[in-house]
Amino acid sequence: MTKVPQINRIQRDHSAERAVPEGEENPYLLGVYAPVGTEIDADDLEVIGEIPRDLNGVYLRNGPNRRFAAPGRYHWFDGDGMIHGLHFENGRARYMNRWVRTAAFDAETAAGHALWSGVMEDPKGNPFGNGHGLGIKDSANTDVVFFNGRVLPTWYLCGTPMSLDPLSLRTIGAETFLGTLAGDFMAHPKVDEATGELFWFDYGPEPPYLRYGIVGPAGVVEHVAEIDLPAPRLPHDMAITENHAILMDLPLVQDQEARRQGRYRIHFDRELPSRFAVLPRRGDNSSVRWFEARPGYIYHVVNAWEEGHEIVMDVCRVKDPQHQPRISHPLARMLAYLRLDAQLWRYRFDLRTGTTTEGPRDDDNTEFPMIDSRVTGRRNRFGYAVHIAREDTLLFDGLVRYDLHTGERQDHRFGPGRWGSEAPFAPRDGGTAEDDGYLVSFVHDEREDRSEVVVLDAADLGAGPVCRILLPQRVPTGFHSCWIRAEQLEQAR
Ligand SMILES: [Fe+2]
């Protein structure tokens, strides 16, 4: 293995990075979660097996990776966004990682130390927050979305989407869609690759509590609608179908009493139903049809589509959003919130009768769902997800493939002490079937303290890795990912 000289190395005091208040050994700063302090480019990587020559494109994954330790308690979600990428080309692979240069990251870099406290501390004194007056640092650490030739890192509490070059991961700046974006942007916008549109929403603590919009193929905002909600909500994801958008009003709410005291706390209200707004893509509040369902919380949508007079939506539905701490730890509450317990769940919204039917498709704890991005909003047969490990912290011990037509499930486990990442579907060059391609995941081997990228045959997870690409740097456990096909990169050039 040849390590390429490390470039853009940022000098940091690692001992200070690891410092946590006494009695608060924060597991999300240790081991597989510990931030990395360097930005590197590396090619000529050691490969176990052979990288398929028909796998061409870029795998990107975002996640929290703080640069400067802030005073007070650290929450995993506080870390600055860092993108780890693997560029596959003709049987070779190149790794690189870069922080997202948000306004806050640049300000802290200029200062040489942290200027923001984390979400578990009082935000008073933080230089600035998001457009809704939430004084928390917008770190752009949550998702990474490819749209119109650019990579857009996003933030889970609604912030400024950033714009990166997909190959160099250089931050170009804030993405304003040619000056047409007013307000903030949620973590998981949806791209319809057939129409070239991007669908997003923005939410906040003051009316309008929810705004929904579309960026057109020319890269400017073409449609914005304010959607009425009874009170502030914390939606995380949305869905599209060929003709509709689906937004959520779920009974996980920000504690208003805590908010008045300047703190950020959320709670689950079991007395309220889950509500889903189905509206025409270019519709507004007057064209919304609301569908009610059992109280619950949903982080992530698998996909949605239309079937006759019904809208079908598959999601990962959280089994118990109450988040009761089950362990004794100074950070038990945070750890309980971060533990994710979800299951594959299907909703059917009947546009003729206005009724909802819902139920589980699997009992197991799977999340971070992916599909072939080209079938977003159209009926898909296959869905892929990570399997959540039975650990106190959030770790992914395997990948799962669901055949939504037959109900068949395939599994791959990374192995003892090996933890993976959200794994996008990467179509094989010239592939025609929906599952004709690969799943790509960063995996960190705790026992060998080494990270790698594992490539699996998406049609046969049980066969084990097609290849393993060993990396010269640890890739901490993180959040969301995307796959950019070579032809998309070509168009971007
Ligand atoms: Fe998410």
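**Close-up views of a predicted model**

View 1. In strand 27, Arg409 is the bridge partner of Tyr402. Helices (H or I, at least four residues) and strands (E, at least two) are DSSP runs, numbered from the N terminus. Two strands pair if DSSP finds at least two bridges between them. The model is predicted: local features need pLDDT of at least 70, side-chain atom pairs count only at pLDDT 80 or more, and totals for chains, interfaces and linings use all residues. Residues are numbered from 1 along each chain as its sequence is written. Strand 26 and strand 27 (residues 409-413) pair in the antiparallel sense over 5 bridges. Their hairpin has 5 residues between the strands, and Gly407 there takes a positive phi near 85°. Strand 26 also pairs with strand 25 (residues 382-388), antiparallel, over 7 bridges. Here Tyr384 has Arg401 of strand 26 as its bridge partner. Strand 26 (residues 396-403) is mostly covered, with 6 of its 8 residues buried. A residue is buried if 20 or more other C-beta atoms lie within 10 Å of its own, exposed if 12 or fewer, and partly exposed in between; C-beta atoms are placed from the backbone.

**View 2. The open sheet 20-21-22-23.** The sheet has 4 strands in this order, with antiparallel pairing. Strand 20 (297-307) and strand 23 (356-360) are the edge strands, each pairing on one side only. Strand 20 and strand 21 (residues 310-318) share 9 bridges in the antiparallel sense. Ile298 stands opposite Arg317 in strand 21.

View 3. Leaving aside neighbours within four places in sequence, Val440 is in contact with residues including Tyr59, Pro424, Val453 and Trp483. Contact requires C-beta atoms, placed from the backbone, within 7 Å.

**View 4. Loop residues with marked backbone geometry.** Cys158 lies in the loop between strand 7 (150-154) and strand 8 (162-164). Its phi is positive, about 80°, although Cys158 is not a glycine. Cys158 counts as buried because it has 25 C-beta neighbours inside 10 Å. Leu178 sits in the loop between strand 9 (171-174) and strand 10 (190-192). Its phi is also positive, near 55°. Leu178 is exposed, with 11 other C-beta atoms within 10 Å. A cis peptide bond joins Pro207 and Pro208, with omega about -5°. Pro208 is in the loop between strand 11 (197-203) and strand 12 (210-215).

Methods: Contact = placed C-beta atoms within 7 Å.
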